[in-house]
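Here is a short briefing on the spaces, cores and ring pairs of one protein. Look over the sequence and structure, then read the points below.

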Amino acid sequence: MLSLAAALAVPSAAQVGEHRGELAIGAGAGYVMSTVGFTPRVPQSQHGGMMAGVAARYTSEKYFNSICAITGEVNIARIGWKENILDRNDKHVVNALTGAYEQYQRDMTYVQVPVFARLGWGRERSGFQFFFQAGPQMGFFLSESTTTNFEIEHRSSERVSQIVAQDSMAVEHKFDYGIAAGLGVEYSHRRLGHFMLEGRYYYGLGDIYGNTKRDYFARSNFGNIVVKLTYLIDIRKTINPKIK
């Protein structure tokens, strides 16, 4: 009886999950809107920057209607923060020396390495597929620069926010980490490959500055909104005429 039960269980399990062993590699580029979650708060607008890098995807199986895969990327990204310098009437602050609205932006270049578990629904070889992916992301600081139109020691006293310590502080923690998740759509062509458009959000769990009781900021983590285009070409395909 045990042998009969085992024999019946094998084909039953095979019907639930269809094996895949597909590998695709390629490249992508996108636009990143970022802020830094300072505590105490620093008023900001979205900092815009570009990102680009390489990507790979390994598809392991189709479970019921879900196409299961692991994706990884290595990207160079320009992120940072852009201050929204206002007075108590919510108007832009004019610097007394320059006569111009005060502006401050910090640009930081990172190598970002996200690794995602991905679920897709739809066509695999020819047509459209909707997907969701989520997982950890690591970041490695490369460089930083500042764009401003005033001297820090001569900033206006009319600012509604007097939190200014960040303007003269270099990045202290070179390693960043957090969680990213995204939704997207993919168009696949049997000969041309895979074209993906994705919207993604990254929440940083690490801080760029120290966060002990002796430090100025209790929190200084990244939040990134990413819109990204990726192109992948198949390196290895599963031989299965049922795959559409």
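The second largest cavity is lined by Glu 22, Arg 57, Thr 59, Ile 67, Ala 69, Arg 118, Glu 124, Gln 129, Glu 186 and His 194. The volume of this second largest cavity is about 90 Å³. The model is predicted.

**Cavities**

- The second largest cavity has two nonpolar, three polar and five charged residues in its lining.
- S3 and S4 each give at least two residues to the lining of the second largest cavity.
- Across the whole structure, five cavities of 30 Å³ or more are found.
- The largest cavity holds about 110 Å³.
- Its lining has 15 residues, and Thr 71, Glu 73, Gln 133, Met 196 and Thr 230 are the closest to the centre.
- At least two lining residues of the largest cavity come from each of strand S3 (47-63), S4, S6, S8 and S9.
- Five nonpolar, four polar and six charged residues make up the lining of the largest cavity.
- As a rule, empty space shows up when a probe the size of a water molecule is rolled over the atoms.

**Largest pocket**

- The lining of the largest pocket divides into three nonpolar, eight polar and three charged residues.

**Nonpolar cores**

- Nonpolar side chains tend to be buried together in soluble globular proteins.
- The largest nonpolar core here has 26 residues.
- Which members touch the most other members of this core? They are Trp 81, Met 108, Tyr 110, Ile 208 and Phe 222.
- Strand S1 (17-39), S4, S5 and strand S9 (219-236) each give two or more residues to this core.
- S5 gives the largest share, four residues.
- Beyond its neighbours within four places in sequence, Met 108 is in contact with residues that include Ala 77, Arg 78, Ile 79, Gly 80 and Trp 81.
- Other contacts of Met 108 include Phe 141, Ser 143, Glu 144, Val 171, Ile 208 and Phe 222.
- A second, separate core has five residues, among them Ala 24, Ala 55, Phe 131 and Met 196.

**Aromatic pairs**

- The whole structure contains 14 aromatic pairs.
- One of them joins Phe 38 and Phe 217, with 4.8 Å centre to centre and 40 degrees between the planes, and is tilted.
- Why does the pair tie together parts that are 179 residues apart in sequence? Phe 38 lies in strand S1, whereas Phe 217 lies in the loop between strand S8 (193-204) and S9.
- Phe 38 and Phe 217 are buried.
- Phe 175 and Tyr 177 form a pair with ring centres 5.9 Å apart and planes at 25 degrees, so this pair is stacked.
- Phe 175 has 40% relative accessibility, so it counts as partly exposed.
- Tyr 177 has 39% relative accessibility and therefore also counts as partly exposed.
- A cluster of Phe 38, Trp 81, Tyr 104, Tyr 209, Tyr 216 and Phe 217 is linked by ring pairs.

Key
Residues numbered from 1 in each chain as written. Predicted model: local features only at pLDDT ≥ 70, side-chain atom pairs only at ≥ 80, totals over all residues. Heavy atoms only, no water. Nonpolar A, V, L, I, M, F, W, Y, C, P; charged D, E, K, R; others polar. Core = buried A, V, L, I, M, F, W, Y, C linked by side-chain atoms within 4.5 Å. Buried < 20%, exposed > 50% of the residue type's maximum accessible area, 1.4 Å probe, protein only. Contact = heavy atoms within 4.5 Å. Phe/Tyr/Trp six-rings, centres within 6.5 Å; stacked < 30°, edge-to-face > 60°. 1 Å grid on protein atoms, 1.4 Å probe; cavity = no way out; pocket = protein on both sides within 12 Å on 5 of 7 lines; lining within 4 Å. Points joined across faces, edges and corners; volume = space filled by probe spheres on them.
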